[in-house]
Amino acid sequence: MTEQAHKPKLEIRIIPVTPLQQNTSMIWSTETMEGVFIDPGGEVDRLMAAAEQFGVKIVAVWLTHGHLDHAGAATDVSERTGCPIIGPHEDDQWLLDELEAQGAKYGITDGRNVKPDRYLNDGDELELGGIKFGVAHCPGHTPGHVVIYNQEGALAFVGDVLFQGSIGRTDFPRGNHQQLIDSITGKLWPLGNEMRFVPGHGAISTFGQERQSNPFVSDANTGYQGAARDSSDAISQKLAKRWT
């Protein structure tokens with residue numbers, strides 16, 4: 001009885017895929033065993049094998065943005081399972097239309113163009129097995145980037161907006177550095193310091209930790225909520241890993 005009472009409502013496995021080692025998240029309800037892939041970037045056979053291993057029925061693909069390493073396997077997953085592709089914001093459709101061309105640049109041959117069944121907008125809500133997820137539109141890395149989060153479980157899937165000790169690149173077409181900073185401070189920090197996040201690449205962190213130590217978006221860099229501002233740590237910024 002006690003063990004059942006403490007059984008988590010949600011399980012997660014992070015599966016790095018493609019040569020870019022992008023974190024595809026497989027999350028599922030422990031009650032219904034229905035699950036979703038968040039940002040299935042490639043290696044569809046490996047992803048489907050993971051679902052089979054854990055007995056998960058994939059009922060949707062959720063996309064944070066339109067880059068190849070995050071969306072390349074979405075169409076294949078949808079065709080194999082019959083599930084819908086949800087997200088990102090429609091402002092990233094131009095990227096989803098070019099996934100196969102993107103693949104040629106990185107030697108990734110299994111990526112396919114994507115047409116989502118539903119776009120996501122700021123303030124939208126998603127559901128998995130009765131568990132609610134919020135959506136925040138966070139442009140800057142790409143114009144249609146979204147972040148998907150579960151407030152109750154204090155867990156966010158941030159794609160390439162934010163990383164442990166870094167932020168997403170903004171030197172791609174339609175990237176905007178100040179817009180990205182504004183997205184992080186205006187949309188993510190209000191979700192709370194305890195919010196853990198799964199980035200598109202690399203290790204999990206928390207918003208609170210990044211507000212303290214991230215050389216791009218620490219409170220000392222941004223002056224968030226009236227914090228005293230120091231000079232940016234230019235050396236740490238240059239040394240920080242910037243992902244695609």
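Which glycine follows α2, and is its phi positive or negative? Glycine 55 follows the helix, and its phi is positive, near 70°. This report looks at a predicted model. It starts with that helix, then turns to salt bridges and a cavity.

**Helix α2**

Helix α2 covers residues 44-54. Its buried residues are Val44, Leu47, Met48, Ala50 and Ala51. They share one side of α2, because they cover an arc of only 150° around the axis. An α-helix has 3.6 residues a turn, so residues three or four places apart point the same way.

What covers this buried side? Strands β1 (10-17), β2 (22-29), β3 (34-38) and β4 (57-62) are among the elements that do, and so is helix α4 (74-81). The face turned away from the buried side carries exposed residues: Asp45, Glu52 and Gln53.

**Salt bridges**

The structure holds twelve salt bridges.

| Pair | N to O distance |
|---|---|
| Aspartate 45 and arginine 80 | 2.7 Å |
| Glutamate 79 and arginine 112 | 2.8 Å |
| Arginine 169 and aspartate 171 | 2.9 Å |

Take aspartate 45 and arginine 80, which form a salt bridge. Aspartate 45 lies in α2 and arginine 80 in α4, so the pair ties together parts that are 35 residues apart in sequence. Arginine 80 is partly exposed, with a relative accessible area of 49%.

Helix α4 also holds glutamate 79. Its partner, arginine 112, sits in the loop between α6 (99-106) and β6 (125-128), so this pair ties together parts that are 33 residues apart in sequence. Glutamate 79 counts as exposed, at 53% relative accessibility. Arginine 112 counts as partly exposed, at 29%. Both belong to a network of salt bridges that also links Asp76.

Aspartate 171 is exposed, with a relative accessible area of 56%.

**The cavity**

How many cavities of 30 Å³ or more does a search of the whole structure find? The search finds one. The largest cavity holds about 50 Å³ of space.

Its lining includes Gln22, Asn23, Ile38, Asp39, Phe157 and Pro199. Strands β2, β9 (155-159) and β12 (196-199) each supply at least two lining residues. By type, the lining divides into five nonpolar residues, six polar and one charged.

Terms used. Residues numbered from 1 in each chain as written. Predicted model: local features only at pLDDT ≥ 70, side-chain atom pairs only at ≥ 80, totals over all residues. Heavy atoms only, no water. Buried < 20%, exposed > 50% of the residue type's maximum accessible area, 1.4 Å probe, protein only. Helix = DSSP H or I, 4+ residues; strand = E, 2+ residues; numbered from the N terminus. Arc of directions from axis to C-beta. Contact = heavy atoms within 4.5 Å. 1 Å grid on protein atoms, 1.4 Å probe; cavity = no way out; pocket = protein on both sides within 12 Å on 5 of 7 lines; lining within 4 Å. Points joined across faces, edges and corners; volume = space filled by probe spheres on them. Nonpolar A, V, L, I, M, F, W, Y, C, P; charged D, E, K, R; others polar. Salt bridge = Lys/Arg side-chain N within 4 Å of Asp/Glu carboxyl O.
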